[in-house]
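Hi everyone, and thanks for coming. Please have a look at the sequence and the model on the screen, and then I'll walk you through them.

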Amino acid sequence: MNQEEALIFSSISLVLSVALGYLSWRRYERSKSLMWFFWFLGFVFYFIAALEQEIFALGYCNYPLAAIYMFIVAELVLVLSLGSVQQVPEKWKRIYYYYSAFATAVLIITIVYKPFTIVVDYMPTNFPALPAGASSMVTIPASGLILFLAARALLFKGNKAKMISTILAIVILGFGGMLSASGFVLALYLSQILGMSLFLYGIS
């Protein structure tokens, strides 16, 4: 991918992040629901990640930027899952909070352990093994939880088309991450744009 393409894709992600943040904040303002507060916070993290992608596409990256990016992209999935977990009983919610704190602490330790860079050809794709493994501790359970709770809601309540949209968003984002790690770097942006567009429909 050349610099112009990286700028176009990162700019689309940036616009999507603003739209998602705005819609989720409106939902929170109306409901004062903790679920929507966490979803708004997750989309704020997505905005920061998209803004960093824009900086990377301009050809600039250093260790602090790389470290923040790795932390943000993992934690945005975690924060979204903290919104979804508000549906479960208090006991299980507390257990998930403890696990989230532990996984986040491990992620921070691996990120600060050794400086690294992540940008290749204007894209954040060169993730070091140790932080990437710790990131998976955060994102895989978080994605699974969102997927499970969205599927449960699909069966029992809510707008089925929007629930399906949310489920597809999680699947596409996860699949895109795997393809990107396997060398298909364009999948990083395509999955972000398609997945977050489905999220946008799901919460609109």
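**Starting from one leucine**

Let me begin with Leu-76. Setting aside its neighbours within four places in sequence, Leu-76 is in contact with Gly-42, Phe-45, Tyr-46, Ala-49 and Met-196. Please keep in mind throughout that this is a predicted model.

Now let's zoom out for a moment. The protein chain has 7 helices and 2 strands. Reading from the N terminus, the elements run α-α-α-α-β-β-α-α-α. Of the 204 residues in the chain, 44% are buried. And if you take contacts between residues at least 6 apart in sequence, 74% of them join residues at least 24 apart.

Which residues touch the most other members of the largest nonpolar core? They are Phe-43, Leu-76, Met-196 and Phe-199, in a core of 49 residues. At least two residues of this core come from each of α1 (3-31), α2, α3 (63-84), α4 (90-113), α5 (129-156), α6 (160-181) and α7. The helix that gives the most is α3, with 13 residues. As general background, nonpolar side chains tend to be buried together in soluble globular proteins.

Next, let's see how some of the helices pack. Two packed helices are described by the angle between their axes and the distance between the axes.

The opening pair is α2 and α3. Their axes come within 8 Å and cross at roughly 160°. An angle over 145 degrees counts as roughly antiparallel, and α2 and α3 are therefore roughly antiparallel to each other. Their crossing is left-handed. The residues of this contact divide into 20 nonpolar, 4 polar and 2 charged.

Then we have α2 with α7. Helix α2 covers residues 34-57 and helix α7 covers residues 186-203; their axes come within 13 Å and cross at roughly 150°. That makes α2 roughly antiparallel to α7. The crossing of α2 and α7 is left-handed. From α2, the contact uses Trp-36, Trp-39, Phe-43, Tyr-46 and Gln-53, and from α7 it uses Tyr-189, Gln-192, Met-196, Phe-199 and Ile-203. Sorted by type, the residues of this contact are 8 nonpolar, 2 polar and no charged.

The last pair is α1 with α7. Here the axes are 10 Å apart and the helices pack at an angle of about 25°. That makes α1 roughly parallel to α7. The crossing of α1 and α7 is left-handed. On the α1 side, the residues that meet α7 include Phe-9, Leu-16, Leu-23 and Arg-27. On the α7 side, those that meet α1 include Leu-186, Ile-193, Met-196 and Ile-203. The residues of this contact divide into 14 nonpolar, 5 polar and 1 charged.

Take Trp-36, found in helix α2. Is Trp-36 buried or exposed? Its relative accessibility is 11%, and since buried means under 20%, Trp-36 counts as buried. Leaving out neighbours within four places in sequence, Trp-36 is in contact with Ser-24, Arg-27, Tyr-28, Ser-31 and Ile-203. Trp-36 and Ile-203 are 167 residues apart in sequence, while their C-alpha atoms are 9.8 Å apart in space.

Now go to Gln-3, in helix α1. Gln-3 is partly exposed, with a relative accessible area of 29%. Not counting residues up to four places away in sequence, Gln-3 touches Ala-57, Leu-58, Gly-59 and Tyr-122. How many residues apart in sequence are Gln-3 and Leu-58? They are 55 residues apart, and 7.2 Å apart from C-alpha to C-alpha.

Finally, Lys-32 is found in the loop between α1 and α2. Lys-32 is exposed, with a relative accessible area of 53%. Most residues other than glycine have a negative phi. Phi of Lys-32, however, is near 55°, a positive value in a residue other than glycine.

Technical notes:
Residues numbered from 1 in each chain as written. Predicted model: local features only at pLDDT ≥ 70, side-chain atom pairs only at ≥ 80, totals over all residues. Heavy atoms only, no water. Axes fitted to C-alpha atoms, helices over the stretch in contact; angles between N-to-C directions. Helix = DSSP H or I, 4+ residues; strand = E, 2+ residues; numbered from the N terminus. Parallel < 35°, antiparallel > 145°, perpendicular 65-115°, else oblique. Left-handed = near helix turned anticlockwise from the far one by under 90°. Contact = heavy atoms within 4.5 Å. Nonpolar A, V, L, I, M, F, W, Y, C, P; charged D, E, K, R; others polar. Core = buried A, V, L, I, M, F, W, Y, C linked by side-chain atoms within 4.5 Å. Buried < 20%, exposed > 50% of the residue type's maximum accessible area, 1.4 Å probe, protein only.
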